[in-house]
Amino acid sequence: MLNRWVCIAQKCKDLNNYNGMMSIMASLQNSAIHRLHQTWELLPVKSIEIFENLQMLMNGDAGEGNFQFYREALRNTVPPCVPYLGLCLTDLIFVDEGNPDYIPDKQKVINFSKMKKMAQIIQQIQTFQQTPFCLEAIHFIQDFMICREVMSSNDQYLTSLKLEEKIPQGQKKMVLKNAKKKYKPIHVDYA
């Protein structure tokens, strides 16, 4: 199952669905999943490489920081695309809270520089919305996903502990290598 979700995350990336990819990556990094070291060790090497690569792409601290690799990939993306909305909203909040609405020392002069920056962020999202995806709905999968009972974080962790006992810190093998390497695109054959 873990391998399947890593492949689905890569497929989301291939479809330029960065928001879906980030949702899956966040789920896989949830403590209830991330702590399953024995399960992660069973993944094929290719899946570990894919996971590490996706982590690097969406790492806010990688490169020069501020999601450099993701922003670079997004600039080179041809629509259709679903950008990572969490970062879009963060950018909007940063621009809004970091800049005054009015130019200081001027009597009610609107800060058009701030408005232009906010408009550019919104325009980027709108640009990606102009081209629709050509995908067919698979209703039984949608129904399966929608009708699933959502477990609380506590229940997820307790289930995780039933699957794999807690291992003392000194005995853990690090499955995921140091994420300081450069991001490199990987092509995956889903057949």
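I began with Cys88, which is buried, with a relative accessible area of 5%. In these notes buried means under 20% relative accessible area, exposed means over 50%, and partly exposed lies in between, with a 1.4 Å probe and protein chains only. The model is a predicted one: local features need pLDDT of at least 70, side-chain atom pairs count only at pLDDT 80 or more, and totals for chains, interfaces and linings use all residues. Residues are numbered from 1 along each chain as its sequence is written, and side-chain values use heavy atoms, with hydrogens and water left out.

**Entry: cysteines**

I looked for disulfides, meaning pairs of cysteine sulfur atoms within 2.5 Å. The search of the whole structure gave zero. Cys88 is in no disulfide, and its nearest cysteine sulfur, that of Cys81, is 8.8 Å away. Cys81 counts as buried, at 5% relative accessibility.

**Entry: overall layout**

I then went through the secondary structure, where helices (H or I, at least four residues) and strands (E, at least two) are DSSP runs numbered from the N terminus. The protein has ten helices and zero strands. Buried residues make up 33% of its 191 residues. I took contact to mean heavy atoms within 4.5 Å. Among contacts between residues at least 6 apart in sequence, 66% join residues at least 24 apart.

**Entry: helix H5**

I looked up H5, which covers residues 45–57 and has 13 residues. From first C-alpha to last, H5 reaches 18 Å, close to the 18 Å expected at 1.5 Å a residue. The expected span is 1.5 Å times one less than the number of residues in the helix.

How many of the 13 residues of H5 are buried? Ten are, so H5 is largely enclosed by the rest of the structure. Among the buried residues are Ile48, Ile50, Phe51, Glu52 and Asn53. What covers the buried residues of H5 includes helix H1 (2–14), helix H2 (18–28), helix H4 (37–41) and helix H6 (68–75).

I picked out Ser47, which lies in H5. Ser47 counts as buried, at 5% relative accessibility. Leaving aside neighbours within four places in sequence, Ser47 is in contact with Asn3 and Val6.

**Entry: nonpolar core**

I next listed the nonpolar core, a set of buried Ala, Val, Leu, Ile, Met, Phe, Trp, Tyr and Cys residues joined through side-chain atoms within 4.5 Å. In soluble globular proteins, nonpolar side chains tend to be buried together. The largest core here has 30 residues, of which Tyr18, Met21, Trp40, Leu57, Tyr70 and Tyr84 touch the most other members. H1, H2, H5 and H6 are the elements that give two or more residues to this core.

Apart from neighbours within four places in sequence, Met21 is in contact with Ala9, Cys12, Lys13, Leu54, Leu57 and Met58.

**Entry: aromatic rings**

I checked ring pairs: rings of Phe, Tyr and Trp (its six-membered ring) pair if their centres lie within 6.5 Å, with planes under 30 degrees apart counted as stacked, over 60 as edge-to-face and the rest as tilted. The structure holds four aromatic pairs. Trp40 and Phe51 form a tilted pair, 4.7 Å centre to centre with 50 degrees between the planes. This pair links distant parts of the chain, with Trp40 in H4 and Phe51 in H5, eleven residues apart. Both Trp40 and Phe51 are buried.

Tyr70 and Tyr84 form an edge-to-face pair, 6.5 Å centre to centre with 80 degrees between the planes. Tyr70 is in H6 and Tyr84 is in the loop between H6 and helix H7 (85–98), 14 residues apart. Tyr70 is buried, with a relative accessible area of 2%, and Tyr84 is buried with 18%. Ring pairs link Tyr18, Phe67, Tyr70 and Tyr84 into a cluster.

I also looked for charges over rings, which requires NZ of Lys or CZ of Arg within 6 Å of the ring centre and within 35 degrees of the ring normal. Arg35 lies over the face of Tyr157, at 5.7 Å from the ring centre. Lys108 lies over the face of Tyr102, at 4.9 Å from the ring centre.

**Entry: backbone**

I noted a cis peptide bond joining Pro79 and Pro80, with omega about 10 degrees. Pro80 is in the loop between H6 and H7.

Is Asn66 buried or exposed? Asn66 is exposed, with a relative accessible area of 52%. Asn66 sits in the loop between H5 and H6, and its phi is near 60 degrees, a positive value in a residue other than glycine.
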